[in-house]
Every structure is written in structure tokens, then in C-alpha cells.
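Today I opened my notebook to look up a few spaces and surface spots in a protein model. Here are my entries, in the order I made them.

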Amino acid sequence: MNINNKVLILGVASVQMDAILQLKQMGYETYACAMKKDGPGADVADHFDIINILDKESIINHIKENNISLVYSVGSDLAMPVSSYISEKLGIAHFVSEETARICNNKDLMRLTLGENFEGNIAFQVIKNKYDYIKLDYPFILKPADSQGQRGVKLINNYDEYMDNYENAQRYSRSGLVIIEKYISGPEISVNGYMIDGKLEYLIISDRDTWTEYTGLIHKHVVPSRYVNKEIDNRVKIIVEKACKKLNINNGPVYSQMKLENLNPYIIEITPRLDGCHMWSILNYYTGVNLLKLTFEHLFNNDTSELYKEYKNKDKSYVLEFMCQKPNTKANYIDYENKIETSISSFNYYKQGENIRPVNGTFDKIGYFIYEI
């Protein structure tokens, strides 16, 4: 074990568990903290402590007391500004500044930083009061300005729907601000990229299939994308690389959720982190590159050799499918047993019969499985 290389992961959800297991496999001593011991990461970490991940001073004290070398998180926009702030203050390795992480965690700031004339940006309006004048045409997407996990997101077709759903969106907004964005009608894609010294050196586009009845809630990721040709792939790469330059994302992972309309890609969100859907796993099958391993080797040792492995299976297609249920019901995997048994990889977030904690509060993930098509 690398006893001088202790890593603190903020959060204990399943995506943070992925990071902890990867670090342990690499020989690092792992620490994790969260407000509650309510995720699988708490059980697999070498050390777990109950600390609110937004309590910066308590985390700094914890790092100093335990001689921790690195603080990081996976799949959490909430944790990234905290991780960057602490890393800057303590002078430890990090990819982006607290300012960049904070801008990407606030949809209004992200859109303003990209600018109205930025190719790939979407027309938007920040709403401070429910009765503000609406400038955008219907339909539009209503969402909190600074939440994650599709909480409070709703497609709005008319004024009555806006009035009915405003409070729910605001409820998930820490700043109290709500944002509305022009509705882009085409298919959704996910973009997983990796930046090295200002250049986008890795880019894989996958389809992001959502549940029909739940706006924006993920059902499946399919790689490679069925909608993207070489021309669109090039457009996406140009837009993402330019956006990273605007946002000062020069090194490390970058994730963007985008939509295609008339073959034009538009940014729904972009953030300097690994995604929150275990995409590193399906992309490892597809390309042979382990983005989790790459991220930590890059942070610790400035080693990016993982990125240049030969792509193995790009002639194959893979699906990462989520199992979902209503929150505050008992997890039931019986209908998925055959799919789980025949999958390449799978993970259940709960035990059979356990209560499903509200995350997006509408239709929450209870696990996933990966298979080849």
C-alpha cells in the first residue's frame, strides 16, 4: 500500500464507490466522508467519517489530521467546487480551480461564461421570482439553477404548467434561482472527454436514452452513438474543446450532456468531472481505456499513459441500462434477474426489499447492468 498517498473521496454513492475501489486496486489508502452512512462507498473505504461534504473547514481539518494527499470526487457537481477550493487552499493536486468548478455547477453562470454567441449554447433566462416576465417561447425546459441529478427538471408547454412546476424547481435550487432554457427537440447524447494541456485528447460520444414519461431521466447509455456521424463527431469535438477553453478546463476529465437538433449539437451541461452514470465502465469495455485509473494517475503522477492504450473493441456496441423505481418503495429486482445474469457487469444499489431513498424524487436508480448488442 502507498502509505504516503492517502485519498479522500467526498461522498459515498455508487459512483464514489467506483473511485474508491479503483484507488484500492492501485494501492492507495482510501478515506471517505458524507453527511450520512447511506451509500456503498462507506463500506468499501478503508476509513469512513461522518462529515458534511459542504463543510470545508471540517474537511480541511480531517485532511491535516490524517496526512491525506489528495481530495477528489466522482459524478458530483456539488462536491467539485469543494474539492477544488480545499486543494487550492492546501496546495495539493487538482485539475480545475474552485471558480471553474463553481461556474459549471451553476447553469446560469455556465451559460453566461460561454456567452450568447457561443456555438452550442442555448437561449436561456434566469428567473428570480415566479412572476418574472417570461421572454422565451414555449416549450422550454424549467430547472433549478444549481442542482444535480435531474432534480426539479420539467418540460414546460404553457404558462399553467410553468406556474404548477415553478416551486418544485426552486425547491431544489440552493441559490433560490430557477433557469429556463430553449427546448431542443432532438436526441440526447453524452460526451465523455479528457483534456491534457488544453487539448481534447479523448472523446467518446454515446446515446443518452431517457424515460419517455420523465423529462431528462436517464434509462440507457448506448456506445457508440447511433445518431452521430463523422461530421457531427467533429462538431461536438470543436464545441467541447472551445467550451473547455472558455471555462478554463485544461486538464482532466470533462463530461457534457448535449442534444442534437438538425445535426447541430447543443450543450445541456458541461462539467470538469467524470460522469455520474458509471460510464467509465462501459467505455473501458469499448476502448480499453480506464478513465478512473487515468484520472488518478494523472493527478498523482502526471501519468497519462493509460490514455494511449490501443482501443480494443470499437467494432462492438454496448449498453449500460439503469433499473429504476419510484422512491420510498421497496427495491425489487425480480423482473431484471435474467438480464442481470446474462450481463457483462451489473450492480444493485440496494438489497432486495430495501427502501429506495429519494434522489431525484421521481424515478430513482436502483442499479444497472451492461451488455453487448
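**Entry 1: the second largest pocket.** I began with the lining of the second largest pocket, where H7 gives the largest share, three residues. I noted that helices (H or I, at least four residues) and strands (E, at least two) are DSSP runs, numbered from the N terminus. The space in this pocket comes to about 240 Å³. Its lining has 16 residues, and Gly152, Val153, Lys154, Asn168 and Thr362 are the closest to its centre. Sorted by class, I found four nonpolar, eight polar and four charged residues in the lining. For the classes, Ala, Val, Leu, Ile, Met, Phe, Trp, Tyr, Cys and Pro count as nonpolar, Asp, Glu, Lys and Arg as charged, and the others, Gly among them, as polar.

**Entry 2: ground rules.** I reminded myself that this is a predicted model, where local features need pLDDT of at least 70, side-chain atom pairs count only at pLDDT 80 or more, and totals for chains, interfaces and linings use all residues. Residues are numbered from 1 along each chain as its sequence is written, and side-chain values use heavy atoms, with hydrogens and water left out.

On a 1 Å grid over the protein atoms alone, a cavity is a set of points where a 1.4 Å probe fits but cannot get out, while a pocket is an open set with protein on both sides within 12 Å along at least five of seven lines; lining residues have an atom within 4 Å of a point. Grid points are joined across faces, edges and corners, and a volume is the space filled by probe spheres set on the points.

**Entry 3: the cavity.** How many cavities of 30 Å³ or more does the structure hold? I found one, and the largest cavity has about 50 Å³ of space. Strand E4 (70-72) and helix H4 (79-90) are the elements that give two or more residues to its lining. H4 gives the largest share, four residues. By class, the lining has seven nonpolar, four polar and no charged residues. Among them are Val71, Met80, His94 and Pro272.

Entry 4: I found Tyr159 in helix H7 (residues 159-171). I located Lys326 in the loop between strand E14 (318-325) and helix H11 (337-342).
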